[in-house]
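This briefing goes through one protein model, from the whole chain to single residues. Please keep the structure in view while reading.

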Amino acid sequence: MRCVRRYRFDHNPLRRRSDRIEAVAVLLTLLVLVASVWPALLAGRVVYQRGLTAERVDPEVRQQVTAVLLENGAATNPVSSQGTVLGVKAKARWYMPDGSVHMGVVSVPAHAKAGSSLELWVDAHGTPTAAPRTHAQTVADAVVAGFGVVAGIGGLLFLNLALLRWMLDRRRYVEWEKEWTAVHDRWRRPRQP
């Protein structure tokens with residue numbers, strides 16, 4: 001309520017021109033912030049549609065196969081400062097749906113043993129590739145994109161509002177100083193008998 005009382009439009013004689021300018025700036029900032037929901041929804045929808053396209057698994061693009069490890073998993077990279085192994089690789093063999101056999105070095109879970117199997121995504125040529133996106137990733141990316149648009153616009157708006165308030169406050173301080181100087185001079189004049 002205090003903010004509403006501070007920025008409301010009324011005919012209060014104590015409100016200065018700078019107070020009215022600040023009230024208009026706050027109102028415009030809020031209106032533009034509310035209007036920024038539309039571009040945020042648009043950005044979220046675009047990211048969501050792209051994510052849905054990436055989710056679809058095309059058999060010619062990538063498919064999931066079962067690979068059998070031919071050796072135990074071995075750390076190929078050094079251990080991180082927290083003690084976790086950064087990369088574990090092992091030689092594996094997998095069969096494509098057309099019956100062709102492929103072999104290669106793939107990333108495996110830590111302490112993987114020879115003879116164990118794991119699910120692997122491969123492209124049409126049998127080369128290991130990334131798994132398709134999940135729907136949760138798509139939704140999360142769309143929400144982050146929408147929130148990012150609103151946060152970016154809001155940050156710029158509030159930065160502009162803070163800059164305007166700083167300039168108005170400097171002007172107010174100069175005006176107050178002039179008024180106090182005038183009052184001081186009136187009070188210091190000797191009285192006429």
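The model is predicted. The protein has four helices and five strands, and 193 residues, of which 24% are buried.

**Overall make-up**
- Read from the N terminus, the order of elements is α-α-α-β-β-β-β-β-α.
- Among contacts with a separation of 6 or more, 59% are between residues 24 or more positions apart.

**Annotated segments**
- An unreviewed UniProt entry gives the feature "transmembrane region" at residues 21-41 and 142-163.
- In the model, residues 21-41 are 95% helix and 0% strand.
- Residues 142-163 are 100% helix and 0% strand, with 32 Å between the end C-alpha atoms.

**The largest nonpolar core**
- Which residues touch the most other members of the largest nonpolar core? They are Leu 69, Ala 92, Trp 94, Val 106, Val 108, Leu 120 and Val 122, out of 14 residues in that core.
- At least two residues of this core come from each of β1 (62-69), β3 (88-95) and β5 (117-123).
- Strand β3 gives the most, with four residues.
- Val 108, one of the core residues named above, is in contact with Leu 69, Gly 73, Val 88, Lys 89, Ala 90 and Leu 118, leaving aside its neighbours within four places in sequence.

- Val 24, Leu 27, Leu 28 and Leu 31 make a nonpolar surface patch of about 350 Å².
- Leu 28 belongs to helix α2, which spans residues 17-35.
- Is Leu 28 buried or partly exposed? Its relative accessibility is 48%, so Leu 28 counts as partly exposed, because that class runs between the limits of 20% and 50%.

- Thr 138 is found in helix α4, which covers residues 135-188.
- The relative accessible area of Thr 138 is 0%, so this residue is buried; the cut-off for buried is under 20%.
- What is Thr 138 in contact with, leaving aside its neighbours within four places in sequence? The contacts are Tyr 48, Gly 51, Leu 52, Glu 55 and Arg 133.

Technical notes. Residues numbered from 1 in each chain as written. Predicted model: local features only at pLDDT ≥ 70, side-chain atom pairs only at ≥ 80, totals over all residues. Heavy atoms only, no water. Patch = residues over 30% accessible without salt bridge, like charges linked within 9 Å, V, L, I, M, F, W, Y side chains within 5 Å. Areas by Shrake-Rupley, 256 points an atom, 1.4 Å probe, with all protein chains shown as cover. Salt bridge = Lys/Arg side-chain N within 4 Å of Asp/Glu carboxyl O. Buried < 20%, exposed > 50% of the residue type's maximum accessible area, 1.4 Å probe, protein only. Contact = heavy atoms within 4.5 Å. Core = buried A, V, L, I, M, F, W, Y, C linked by side-chain atoms within 4.5 Å. UniProt positions renumbered as here; feature names shortened; annotations may be inferred.
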